[in-house]
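Visitor: I would like to go through this model with you and ask, point by point, what each description rests on.

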Amino acid sequence: FYFVDNHNSKSAVNLYKKLNLDCLLNAGTPRKISDSVLKVVENRVVNVHPGILPDYRGCSCVEWALINDQPIGNTAHFMDLNYDTGPIICSEKYIFSSDSNYVDIRNKVYIRGCELAAEVLKKIESKEVMLENSIKQDPSKGRFWEPIPHHLEQKSIKKANDHKYKFQNS
């Protein structure tokens, strides 16, 4: 593990060059990935996004999907210069038990996201997954979601806690 103050900084980019990396894993960084980082690892920065792409790009995708009664899951994708628009490696949709609450839903998404990251990185290492065999997204499809307003976030949490989310087993 290497820790940097900013993954886009000159010192971080120099570290990536020195390490001659095949791939980077994005793990919840607060900044957009820069072109210089993408070039150093030949556009192979992997992200596991807590949303189904391309329908749920951006922020608060679990909460928006709860509000909209849409599937919740994770999408592994190669990153590009835009938010959540890079080629898709794979997506998973989850069904939750009828007694699942908001914390259960969030936990499943994040735990499974970590597991999915490990699976994808192993497949990249073994050349089972490559940028060339991933699924290019159509930029005209899908939607970018802004951070959910507090009142709607509370509504999504209540909906999950009241077991009124459509994708829960009855």
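Visitor: Which residue in strand 2 stands opposite leucine 25?

Guide: In this predicted model, the residue of strand 2 that stands opposite leucine 25 is valine 46.

Visitor: What makes strand 1 and strand 2 a pair?

Guide: Strand 1 and strand 2, which run parallel, are joined by three bridges, and because a pair requires at least two bridges, they are counted as paired.

Visitor: Why are strand 1 and strand 5 said to stand at the edges?

Guide: The sheet is open, with four strands in the order 1-2-4-5 and mixed pairing; strand 1 (24-26) and strand 5 (88-94) each have a single partner strand, so one side of each is left without a neighbour in the sheet. Neighbouring strands of this sheet are turned by 15° against each other on average, direction ignored.

Visitor: Why is lysine 127 called exposed?

Guide: Its relative accessible area is 54%, and since exposed means over 50%, lysine 127 falls in that class. Lysine 127 lies in the loop between helix 4 (102-125) and strand 6 (144-145), and has a positive phi of about 65° although it is not a glycine.

Visitor: Why is serine 60 called partly exposed rather than buried?

Guide: Buried means under 20% relative accessible area and exposed over 50%, so serine 60, at 21%, belongs to the class in between. Serine 60 is placed in the loop between strand 3 and helix 3 (61-68), and its phi, near 55°, is likewise positive in a residue other than glycine.

Notes: Residues are numbered from 1 along each chain as its sequence is written. This is a predicted model: local features need pLDDT of at least 70, side-chain atom pairs count only at pLDDT 80 or more; totals for chains, interfaces and linings use all residues. Side-chain values use heavy atoms; hydrogens and water are left out. Helices (H or I, at least four residues) and strands (E, at least two) are DSSP runs, numbered from the N terminus. Buried means under 20% relative accessible area, exposed over 50%, partly exposed in between (1.4 Å probe, protein chains only). Axes are lines fitted to C-alpha atoms, for helices over the stretch in contact, and angles run from 0 to 180 degrees between N-to-C directions.
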